[in-house]
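Visitor: I'm new to this one. Could you show it to me and walk me through the ligand site and a pocket?

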Amino acid sequence: MSYDQIEVPEDGEKITFEDGELSVPDNPIIPIIHGDGIGTDVGPAAQKVLDAAAEATGRSVSWMRVYAGASARDKYDENLPEDTVSAIRDHRVAIKGPLTTPVGAGFRSLNVALRKKLDMYANVRPTYHLDGVPSPVKNPSAMDMVTFRENTEDVYAGIEWEAGTDEVQQVKEFVEEEMGATGVIHDGPVGIGIKPITEFGTKRLVREAIEYALENDRDSVTLVHKGNIMKFTEGAFRDWGYELAAEEFGDVTITEDELWEEYDGEKPEDKVVVKDRIADNMLQQLLTRTADYDVIATMNLNGDYMSDAAGAQIGGLGIAPGANFGEGLCLAEPVHGSAPKYAGEDKVNPTAMILSGRLMFEYMGWKDAGQLIRDAVEKTISEGDVTYDLHRQIEGGNKLATSEYADKVVENIHELA
Ligand code: NAP
């Protein structure tokens with residue numbers, strides 16, 4: 001396998017995916033994008049920790065640096081080279097740091113482009129509380145939730161037109177004259193976007209969420225939508241979600257109505273409850289009835305807002321991990337962005353990127369290495385060894401740089417292994 005400007009490590013073997021099965025050697029080649037801004041801090045820090053966890057469980061990782069964003073502009077003179085997309089597709093499992101997206105003008109989100117190009121339709125964001133992590137809520141350990149956010153549709157699909165262009169004028173005329181939506185769009189400059197929600201996109205996402213709930217003994221899957229207002233998009237997501245549950249998982253799922261009518265509110269052990277909540281209510285329920293929520297399935301925009309809010313309850317963006325999944329593909333990435341004001345300061349928290357690596361290891365079947373990472377991170381934080389973001393919320397504690405914190409986690413991996 002050769003790429004234009006990527007060095008393929010000589011040692012290490014490829015992860016393969018055949019007949020629906022991922023096959024992972026003990027020394028896989030894993031592409032890594034360090035990312036923009038603080039990506040240059042958290043990328044190498046996470047790599048160090050992941051190496052230690054792999055070695056402690058009798059394996060090794062051959063990292064293959066690939067490029068997107070600023071690092072790609074330096075090397076290739078473009079933001080998202082084909083080399084990078086093919087390297088991730090060929091190697092099946094990869095990890096990336098954050099990439100900067102300019103607001104308003106400039107290029108479209110590279111994150112969105114990468115997820116679309118690789119058809120990684122599910123962005124999965126677990127939110128669980130680690131011992132010792134300060135939180136703004138009274139009972140942070142009540143949060144143990146996994147959000148499945150649809151990744152390829154919604155207002156994020158990039159179908160939008162800029163105010164003042166001929167295209168936006170044509171769309172406005174079509175909507176008003178052909179579709180009869182008069183008196184809705186104000187006069188004067190307007191930007192217009194389109195929100196596609198398909199049955200196909202909804203069902204494959206909800207299927208992943210229900211399968212995850214069944215495999216991991218979770219109690220419920222909640223469909224989060226704003227279908228009371230956006231009836232034919234978000235409302236359809238809810239309806240297709242329930243339809244999929246009944247069609248494909250009818251014998252192992254029940255609705256909330258059935259839970260009360262047939263089981264008097266006592267969930268049978270072998271069933272997952274499928275319920276739905278309106279998105280604005282859901283944001284307050286996350287705070288007031290945290291423990292009632294388990295696995296969430298939602299669309300792109302709701303999922304983005306909700307997982308950041310949920311992340312705040314368990315310690316903030318420095319802690320919150322994520323990963324994108326497609327057919328035999330995993331691209332792990334933290335929830336946070338490139339926080340340019342801290343770039344290169346060796347200051348920010350690498351935990352989110354480290355725990356994203358844990359998700360990647362779990363996908364590869366390296367559950368023991370994943371558990372070791374979680375335990376070592378928890379030990380580090382509960383001993384008061386933290387970066388600035390957690391340090392400002394706790395009494396005492398040792399304020400560490402990104403690299404020092406990663407070294408502490410590595411030390412704890414060695415101690416716990
Ligand atoms: P951000 O980069 O996530 O940073 C927002 C704030 O969150 C930071 O100022 C910091 O808070 C805190 N934070 C983020 N990461 C942290 C870490 N590792 N450790 C400790 N604290 C952390 O969000 P943004 O400023 O809105 O976005 C910056 C750029 O990132 C934008 O171009 C955006 O498009 C991009 N972005 C990329 C991704 C991605 O690549 N997947 C995701 C989101 C945003 P304090 O200032 O309070 O310390």
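Predicted model: local features only at pLDDT ≥ 70, side-chain atom pairs only at ≥ 80, totals over all residues.

Visitor: By class, how many residues of the shell around the ligand are nonpolar, polar and charged?

Guide: The shell is made up of 24 residues, with L99, G337, A339, Y342 and Y388 the closest. Two helices, α4 (110–117) and α13 (388–391), each supply at least two residues of that shell. Sorted by class, the shell has 10 nonpolar, 8 polar and 6 charged residues.

Visitor: Which residue has a side-chain N or O atom 3.0 Å from an oxygen atom of the ligand?

Guide: Let's set the backbone aside: L99 has a backbone N or O atom 2.8 Å from a ligand oxygen, and for S338 a backbone N or O atom is 2.9 Å from a ligand oxygen. The side-chain atom at 3.0 Å from a ligand oxygen belongs to R392.

Visitor: How much of the ligand's accessible area does the protein cover?

Guide: On its own, the ligand has 880 Å² of accessible area.

Visitor: Where does the second largest pocket lie?

Guide: That pocket holds about 1000 Å³ of space. Among its 32 lining residues, Y212, E215, N216, F325 and Y363 are the closest to its centre. Elements giving two or more residues to the lining include α6 (199–215), β14 (323–326) and α11 (351–363). Since domain 1 (1–129 + 315–416) and domain 2 (134–143 + 151–158 + 193–313) both give residues to the lining, the pocket lies between domain 1 and domain 2.

Visitor: And how many charged residues does the lining of the second largest pocket have?

Guide: By class, 15 residues of the lining are nonpolar and 6 are polar. The charged ones number 11.

Methods. Residues numbered from 1 in each chain as written. Heavy atoms only, no water. Near = heavy atom within 4 Å. Polar contact = N/O pair within 3.5 Å; in protein donor to acceptor, adjacent residues only side chain to side chain. Areas by Shrake-Rupley, 256 points an atom, 1.4 Å probe, with all protein chains shown as cover. Helix = DSSP H or I, 4+ residues; strand = E, 2+ residues; numbered from the N terminus. Nonpolar A, V, L, I, M, F, W, Y, C, P; charged D, E, K, R; others polar. 1 Å grid on protein atoms, 1.4 Å probe; cavity = no way out; pocket = protein on both sides within 12 Å on 5 of 7 lines; lining within 4 Å. Points joined across faces, edges and corners; volume = space filled by probe spheres on them. Domains from an automatic or database assignment.
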